[in-house]
Amino acid sequence: MCCEKKYKVKFVLDEKYVEIITDKTIGEKINDEYWQKIVDNFIIDVKNNDISKGYLKAINSCSQILIKEFPIQSDDENELSNDVIELR
């Protein structure tokens with residue numbers, strides 16, 4: 001089994017496309033408007049030629065809400081790699 005607790009967030013970025021995809025459990029607690037605001041802010045930073053700032057803000061915004069809604073438990077394990085995967 002990949003993820004015992006099944007909490008997954010995927011940040012998808014292409015040359016002209018940005019999307020945050022969440023699993024059902026996260027989607028039930030955090031509405032799409034929240035994720036869209038992160039995407040909108042990221043796009044603004046990209047248009048201002050500040051991609052690194054955009055990524056950092058997006059990661060921090062995702063982390064804050066996920067930690068709030070799904071607090072880290074003492075027995076939690078990191079089940080997925082934290083590696084960035086670049087598709088070509």
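Student: Which residue in S2 is the bridge partner of Val-12?
Tutor: The bridge partner of Val-12 in S2 is Glu-19. Please keep in mind that this is a predicted model.

Student: How many bridges are there between S1 and S2, and in which sense do they pair, parallel or antiparallel?
Tutor: Strand S1 covers residues 9–14 and strand S2 covers residues 17–22; they pair in the antiparallel sense over 6 bridges. The two strands form a hairpin, with 2 residues between them.

Student: Where do side chains point in a strand?
Tutor: As a general rule, in a regular strand they alternate between the two faces of the sheet.

Student: What else is in the chain besides strands, and what is the pattern?
Tutor: The protein chain has 3 helices along with its 2 strands. Read along the sequence, the pattern is β-β-α-α-α.

Student: Is Asp-23 buried or exposed?
Tutor: Asp-23 counts as buried because its relative accessibility is 14%, and the cut-off for buried is under 20%.

Student: New topic: how many salt bridges does the structure hold?
Tutor: The structure holds 2 salt bridges. In one of them, the side chains of Asp-45 and Lys-57 meet at 3.0 Å, N to O. Asp-45 lies in helix H2 and Lys-57 in helix H3, so this pair ties together parts that are 12 residues apart in sequence.

Student: Why can such side chains pair at all?
Tutor: In general, side chains of opposite charge can pair when their charged atoms come close.

Student: Are Asp-45 and Lys-57 buried or partly exposed?
Tutor: Asp-45 is buried, because its relative accessible area is 5%. Lys-57, in contrast, is partly exposed, with a value of 36%.

Student: Which residues does Asp-45 contact, leaving aside its neighbours within four places in sequence?
Tutor: With those neighbours left aside, Asp-45 is in contact with Asp-50, Ile-51, Lys-53, Gly-54 and Lys-57. Asp-45 itself belongs to helix H2, which spans residues 32–47.

Student: And what about Glu-69: with which residue does it form a salt bridge?
Tutor: Glu-69 forms a salt bridge with Lys-29, and their closest N and O atoms are 3.9 Å apart. Glu-69 lies in helix H3 and Lys-29 in helix H1, residues 24–29, so the pair ties together parts that are 40 residues apart in sequence. Glu-69 is partly exposed, with a relative accessible area of 22%, and Lys-29 is also partly exposed, at 47%.

How values were computed
Residues are numbered from 1 along each chain as its sequence is written. This is a predicted model: local features need pLDDT of at least 70, side-chain atom pairs count only at pLDDT 80 or more; totals for chains, interfaces and linings use all residues. Side-chain values use heavy atoms; hydrogens and water are left out. Two strands pair if DSSP finds at least two bridges between them. Helices (H or I, at least four residues) and strands (E, at least two) are DSSP runs, numbered from the N terminus. Buried means under 20% relative accessible area, exposed over 50%, partly exposed in between (1.4 Å probe, protein chains only). Contact means heavy atoms within 4.5 Å. A salt bridge is a side-chain nitrogen of Lys or Arg within 4 Å of a carboxyl oxygen of Asp or Glu.
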